[in-house]
Amino acid sequence: MSLIASPQALARKGILSMNRRNLTYIQRFNSRENYPKADDKLLTKQLATAAGIAVPSLYRVVETVGELKALDTYLRDLDDFVIKPAHGSGGDGVVVVLERRDGAFHRANGQTVSIRELKHHTANILHGLFSLGGQPDRALIEYRVQFDPLFEKITYRGVPDVRIIVFLGVPVMAMLRLPTKASNGRANLHQGAVGVGIDIATGVTRFGVCRDQPVDVHPDTGSPIAGVQVPQWDRLLEIAASCYELSGLGYLGADIVFDSTLGPLMLELNARPGLAIQIANRLGLDQRLGQVLRAKPEPGQEPAKRALLAKRLFDAEAQPAAAAEN
Amino acid sequence: MRSRVTVKQPLSIIVPVAILLMSGIGLFYYRAVKLGVPLVPLTAPQSWKIGATVVFDTSGSSSSVSLVIPKTTARMQIVNERFASDGFSVATVEEGGLRRAAWYKRQAQGEQRLYYEAVVRRDDDVTRTRKPRLRTFELSDVETRAGRRLIRDLSANLPKGASLADALATEIREGESASRSTLFGSSKESERRVAELLENLFLLAKLPARMHRGLSLSESDRGVGLHYFVEVYEGDRWRVFDVSTGTWGSPGSYVRWGNGAGKLISGRGIRNESLVLSVTPFEEEGFQSHLPEHASLSPVLSLPLESQAVLRVLMIIPFAALLVVFLRCFVGFQTFGTFMPILIALAFRETHLVNGVLLFSTIVACALLARRYFARLQLLLVPRLAATLTVVIIIIVGISVVTHAYDIERGLSVALFPMVILTMVVERMSLLWEEVGAIAAVKQGVASLLVAALAYSVFVSPEIQYLAFVFPESLLVILALCILTGRYTGYRLSELRRFRALAVSRP
């Protein structure tokens, strides 16, 4: 493989560049006033609940440092939970507690912490350590998603999630994110998780990428990652499509997890989703975004209808025909 | 709850870009071509600060002091003259080919000090094309005969291509021949006498020559004295012989002071007068001296020198910013903060590049360690930030003291803002380190430094400094380029690498 690709080769494949994503899509279709609906996880949850979209339940919001004294009271009835900043990005500042034993809390990444350390971490969150721009923030204590044993073979100590890019309400590309040892149990590609492309039409996984390199097996478990069928795929597509109405953002990334009892839950929204999804799918976003624009989805359409549109537009088998049509 | 999606149509960039480019390039063309403002700085003329301090006693009655001061010549410009004294009135007088400063005070008591200071600017572009006139020498018959003999002897022994003037100068200054003794006769071998003899001998040998007294510019000191110089025209150019040091130099190697004879200070009502001279090389701010006279058509150049010094830095910042834009949008560098590298580069101006990078790296590394320790202490965020900032300052003070103790010059010209920048960098780097890992943190740190180093090279480039300062319309062009780049939707160099696997077709 050569050192770099030529711009023409990339353009031919419809690969979306950062500059183009920022200028042509994000600036044009994402209105600044809607950003908080994705950036503020608390707001996202409230909007989702009002719209009937399932999300991990919120136990408590911690808003002031004064409340920290009562943190043990808040956590008294909980054995497992997640503490996260309302304005965090990329999994920063998220503490996942799996169980509590003898006054110590066992975290998903293997560490054991005391209540004091939890209070310290929450204080950091409140002081804005993890928020963009260092603004004071709120801490959310929420339900810990129990991961579906379906993904047991291809994940390492964490909950995999599905990231779906939604443009004008139409899901255009999807990727399964698998935590690894390197990523400390986080489903974050920048930290070393594996991204697996999912065929939009069928919900079956295809190939994977880890740190911008193609992979076929999970680096820690060694199991193959292709050919896995994501359950309730149509439901997932609908949830993703409805995030458009929820947020008013024309270009967004929806993160959805599977809970073993509750099914798909919408975890969070991202107003500036990254471009690695293209590597995971080995497909260009720009091409698909262009197809959506040409298909001119109607503003009042039902999310379910838009999900169907996506399946039709991006059907892998029909691709050559669709390309010829366009 | 439905949210509204609005699609905003951008304004066209054609109009602002066209206006900016046309006015920027148009003004540039007009000034560069029509008005002839040079595109590169002329060779920097050199400048020196010269000074004279006159100390004397007074007795209570009126005192007047007159000091001979230099005159502007074609090659050496005397500017920015300043006279300082306590209660004396001062005026400059020109008579008999000499220029003087005349101080006067009606009632002066006790010891008095008068100061004279000026800037000497040498214009190396001055060339005299006419062959100078040969004046007649002034020697007695005895001297003439001895002189001719000396010249004959020296010429006979002169290797081909060697300079007669050299030989004569050496012989007269320190030789031991009989002819030399005859020439000096019974007079003292003072510098002045040597210079006079040399002048006339050169003339005798049909070499145009002139004797002068002045301040040598190759010395840099307080308490220097006036030397005697003999200028001689040999082999199609002028050369200058410094009688005191016995060295040869070019015509610009000294500034004439006085006319070669007579005392420099004279006065009434003064006693025990003494004169101390000083000369130091001087770096002039502002580009006034780099331009031919008529070209000062930039409004910026007519500002006072202090303002020019500040603007000189400010006006380059847009160039550096454009560089950052290029590195970000076309190459794909990820740095800590968009313009932090520019601020770091501004700090590098004080410390220079290698020292600056070393300093920056050392401070950040130490501060990261400190921050690690503070993290384990489990402190609130803001006090922890303040603690890190204080540690940064302590490190800087430590480095200052150490470099001073070991006489390492470049130590620290400490500008205020890098402290805050450094603290922010340390905090962001620690976070990145903890959350993502050492590799990503160091990568961004190195990228930030690299961008800062490149921005630094923009700041110190004399061509860009000149361009920004003498052609401020270039800023309009920069603005246009920024706007144009704002619409660039192509790939970054880093993406060409990142997505290279995708360019190859796979089933």
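This is a predicted model: local features need pLDDT of at least 70, side-chain atom pairs count only at pLDDT 80 or more; totals for chains, interfaces and linings use all residues.
**Stop 1: A:Arg211**

Select A:Arg211. It sits in the loop between strand 10 (205-210) and strand 11 (213-215) of chain A. Its relative accessible area is 47%, so A:Arg211 counts as partly exposed. Now look at the backbone. Phi of A:Arg211 is near 50 degrees, a positive value in a residue other than glycine. Most residues other than glycine have a negative phi.

**Stop 2: the salt bridge**

Move along to A:Asp212. Which residue does its side chain meet in a salt bridge? Select B:Arg498 to see the partner; the N to O distance is 3.2 Å. The rule finds 1 salt bridge across the interface of chain B and chain A.

**Stop 3: the interface**

Show both chains together. Across their interface there are 12 residue pairs in polar contact, with both residues at pLDDT 80 or more.

The size of an interface is often given as the accessible area lost when the parts come together. Here the area buried between chain B and chain A is about 4300 Å². Carbon and sulfur atoms give 58% of that buried area.

**Stop 4: A:Asn124**

Select A:Asn124, in helix 6 (residues 115-126) of chain A. Is A:Asn124 buried or exposed? Its relative accessible area is 7%, so A:Asn124 is buried.

**Stop 5: A:Thr44**

Go to helix 4 (residues 41-51) of chain A and select A:Thr44. Its relative accessibility is 4%, so A:Thr44 counts as buried. Which residues is A:Thr44 in contact with, leaving aside its neighbours within four places in sequence? Select A:Lys37, A:Ala38, A:Met266 and A:Leu269 to see them.

**Stop 6: A:Val96**

Next, pick A:Val96 in strand 3 (residues 95-101) of chain A. At 23% relative accessibility, A:Val96 counts as partly exposed. Leaving aside neighbours within four places in sequence, its contacts include A:Phe81, A:Val82 and A:His106. A:Arg107, A:Ala108 and A:Arg144 are also among the contacts of A:Val96. Then draw a distance from A:Val96 to A:Glu142. These two are 46 residues apart along the chain, and their C-alpha atoms are separated by 9.7 Å.

**Stop 7: helix 9 of chain A**

Select residues 285-295 of chain A, which form helix 9. Which residues of this helix are buried? Colour A:Leu285, A:Asp286, A:Arg288, A:Leu289, A:Gly290, A:Gln291 and A:Val292.

**Stop 8: B:Lys206**

Cross to chain B and select B:Lys206. Its place is the loop between helix 5 (191-204) and strand 7 (209-216) of chain B. Phi of B:Lys206 is near 65 degrees, a positive value in a residue other than glycine. Its relative accessible area is 63%, so B:Lys206 is exposed.

**Last stop: each chain as a whole**

Zoom out and colour by secondary structure, one chain at a time.

- Chain A has 11 helices and 13 strands. Of its 326 residues, 58% count as buried. Its accessible surface comes to about 13400 Å², with 51% belonging to carbon and sulfur atoms. Among contacts in chain A between residues at least 6 apart in sequence, 63% join residues at least 24 apart.
- Chain B has 16 helices and 14 strands. Of its 507 residues, 44% are buried. Its accessible surface comes to about 27000 Å², with 58% belonging to carbon and sulfur atoms. Among contacts in chain B with a separation of 6 or more, 73% join residues 24 or more positions apart.

Key: Residues are numbered from 1 along each chain as its sequence is written. Chains are lettered from A and ligands numbered from 1 in the order in which they are written. Side-chain values use heavy atoms; hydrogens and water are left out. Buried area is the accessible area (1.4 Å probe) that two parts lose on being put together, summed over both. A salt bridge is a side-chain nitrogen of Lys or Arg within 4 Å of a carboxyl oxygen of Asp or Glu. A polar contact is a pair of N or O atoms within 3.5 Å; within protein, one must be able to donate a hydrogen and the other to accept it, and residues adjacent in sequence count only if both atoms are side-chain atoms. Helices (H or I, at least four residues) and strands (E, at least two) are DSSP runs, numbered from the N terminus. Buried means under 20% relative accessible area, exposed over 50%, partly exposed in between (1.4 Å probe, protein chains only). Contact means heavy atoms within 4.5 Å. Accessible areas come from the Shrake-Rupley method with a 1.4 Å probe; for residues, only the protein chains shown count as cover.
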